[in-house]
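Here's a quick briefing to read with the model open. Take a look at the chains first, then come back for the notes.

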Amino acid sequence: MKAVVTEDVLARARSGDQAAFRTIVEGYSRDVFRLAFRITGNEEDAEDAVQETFLRAYRKLEGFEARANFGTWLYRVTANTSIDVLRRRKRSDGRTEPLEDDAPSVGIAPSQEKMVYRRQVRERVESALSCLSELERGAFVLRHFEEMSLAEVSASLDTSVSATKQALFRAVRKLRKSLAPVEGSAS
Amino acid sequence: MNHPSEEDLVLHLYGEADESDFLRKHLESCARCREELSVLRQVLSEVDEMTPPERPSDYGARVWERVSKELPLPLKKASPRSYYWLAAAAVLLVATFLAGRFTAPPDEIDPARAGHIRERILLVALSDHLEQSQVLLLEVVNRGDRSAPPLAPLERERAAELLQASRLYRQTAFQVGEVATADLLEELERILLDVSQGPESLEAREGLRSRIEEQDMLFKLRVLGSTVKKF
């Protein structure tokens, strides 16, 4: 996450200034949502994770070391909170909602055929991601989408680099297996 | 011929491989591994189709609106001990009013007014107690996270004090016929008791967190708190 708040705002938030904390919430909400969505896989859970992330951050802020990177720290809180939300949801109903059909797609004016294909791919990808364990999904999302190094991912997920690597390998293997039927079907 | 493993190729794609001459030279000369790499690259590029939905331009403000409602109020930084005495004072006042009703001459007491004041004092104190309990329980839920440290001694002490206060409220609630409130306070006390005894291990903290979540304790406290505030 890119730095969107000044050190002064951080210092005031750490001392309990809620106006300063509001600046943090407003500055990082989109980034937190993006990561939460990719880990949880649906909007409702992502929104829950966003709210819980900021509440946890508020309570842990006092322990945040000023010299550390706040964005990285908030990433860590977001990833762990999202994994907790995902775990709770799996425990309660084992349900994963597919992506919304009208989710924006990448690119400009794609043909209808391509749009259908992309929707199918998105649904397959989401279905494949929902088969990953929490650790596999967290490791994959942080490495693939957020482009964190394996060392950073392992620090964020509080696991060893070796465990992170294995989780990433398993995730890629599962995704490959699930997505194999559409490999090479679009160009 | 020795081919690199799928793991080697994944690390290579993510720029995490120990780029030895072996892998680089092998890929230059082995069509099969280049094809394997190409398939992996295609699978991973398909994953990029999972685009998070757009958020409205005022999204940050909307999140703040939700989050700010859950933040503890600044005045709640007072010592937890004060809440115990606040609770005790409320119960004492109730007792005083009750005693006054039976000892003062009938024409000096308006029973309806005395009853109203008595309930008002108790409800204000109870509302405060519920808010404090929510803050503490939310902290306990957060400590069920594996990256979080165990509860601090001060938090356990705070739980013990809230437990004492809760017992007084429960007894009073029971005496005035608020059975549902008394039942909820009893549920709360069981959790506060466990918190005060300090769940040290991660397993114990996760267990406590699950109990709080499964019983919807935070939600119930919030609902009762808002009901109490409406009076």
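Which residue just after H1(B) takes a positive phi? That's Gly15(B), at about 70°. Keep in mind that this is a predicted model.

**Where the chains touch**
- Chain A puts 45 residues into the contact, and chain B puts in 35.
- On the chain A side, helices H2 (18-40), H3 (43-60), H4 (70-92), H5 (112-130), H6 (134-145) and H8 (161-179) each supply at least two residues.
- The top contributor there is H2(A), with eleven residues.
- Sorted by class, the side of chain A that touches chain B has 19 nonpolar, 18 charged and eight polar residues.

**Helix H1 of chain B**
- H1(B) covers residues 6-13, and Leu9(B), Val10(B) and Leu11(B) are buried in it.
- The cover over the buried residues of H1(B) includes H8 of chain A, along with helix H3 (31-47) of chain B.

**Positive phi without a glycine**
- Asp158(A) isn't a glycine, yet its phi is positive, at about 60°.
- You'll find Asp158(A) in the loop between helix H7 (150-157) and H8 of chain A.
- Asp158(A) counts as partly exposed because it has 13 C-beta neighbours inside 10 Å.
- Asp216(B) isn't a glycine either, and has a positive phi of about 55°.
- Look for Asp216(B) in the chain B loop between helix H9 (202-214) and helix H10 (217-230).
- With 11 C-beta neighbours inside 10 Å, Asp216(B) counts as exposed.

Key: Residues are numbered from 1 along each chain as its sequence is written. Chains are lettered from A and ligands numbered from 1 in the order in which they are written. This is a predicted model: local features need pLDDT of at least 70, side-chain atom pairs count only at pLDDT 80 or more; totals for chains, interfaces and linings use all residues. Two residues are in contact if their C-beta atoms, placed from the backbone, lie within 7 Å. Helices (H or I, at least four residues) and strands (E, at least two) are DSSP runs, numbered from the N terminus. Ala, Val, Leu, Ile, Met, Phe, Trp, Tyr, Cys and Pro count as nonpolar, Asp, Glu, Lys and Arg as charged, and the others, Gly among them, as polar. A residue is buried if 20 or more other C-beta atoms lie within 10 Å of its own, exposed if 12 or fewer, and partly exposed in between; C-beta atoms are placed from the backbone.
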